Amino acid sequence: MENDVEPIRFVGGLTVDGNVGGRTGWRGHGRLTVDREGIDFALDSGFRWLGNRYIKRDDLAVVYPVQARRLSLTSLIAAIVPQLPDTAVRFVTHPVGAFNDRDTCLFASYRNEQGKLIDLLEELGYPVDRRPRT
């Protein structure tokens with residue numbers, strides 16, 4: 001890719017658990033915007049002010065695909081609602097502070113673009129681990 005990469009957006013479900021700096025967690029329909037410098041996680045519509053988190057590339061410790069467990073609520077919902085995938089991508093920040101607090105973000109693309117997202121992140125130099133986890 002060229003040095004002047006336009007930000008690329010993915011639409012899907014977001015779950016963000018913020019443990020660093022006393023941030024709270026949130027979840028819902030949103031989008032993820034990727035560029036060379038970092039990733040912006042944001043709820044859509046009028047809730048962007050409520051749920052928005054930007055993580056710089058250097059702050060990420062690891063990015064990896066997540067598969068739902070066989071008999072989980074996530075896999076059951078994904079089986080019933082064809083638009084929802086049963087796989088996602090998890091983003092984990094480096095540990096911070098005495099308690100080694102981390103932020104974790106989970107993104108599930110509505111268009112099953114998890115593979116495309118992982119490929120893009122790897123190409124941009126993000127710390128990607130391709131081994132799926134549960």
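**Group meeting: the sheet around strand 2**

I would like to start with strand 1, residues 8-17, and strand 2, residues 26-34, which pair in the antiparallel sense over nine bridges; two strands count as paired if DSSP finds at least two bridges between them, and strands are DSSP runs of E with at least two residues, helices runs of H or I with at least four, numbered from the N terminus. Please keep in mind that this is a predicted model, in which local features need pLDDT of at least 70 and side-chain atom pairs count only at pLDDT 80 or more, whereas totals for chains, interfaces and linings use all residues. Residues are numbered from 1 along each chain as its sequence is written, and side-chain values use heavy atoms, with hydrogens and water left out.

What does Asp 44 contact, leaving aside its neighbours within four places in sequence? Asp 44, placed in the loop between strand 3 and strand 4, is in contact (heavy atoms within 4.5 Å) with His 29, Gly 30 and Arg 31. Its side chain also makes a polar contact with the side chain of His 29, at 3.1 Å, the term meaning a pair of N or O atoms within 3.5 Å, where, within protein, one must be able to donate a hydrogen and the other to accept it, and residues adjacent in sequence count only if both atoms are side-chain atoms.

Finally, the whole sheet is open, with seven strands in the order 4-3-2-1-7-6-5 and antiparallel pairing, and its edges are strand 4 (52-56) and strand 5 (60-67), each pairing on one side only.
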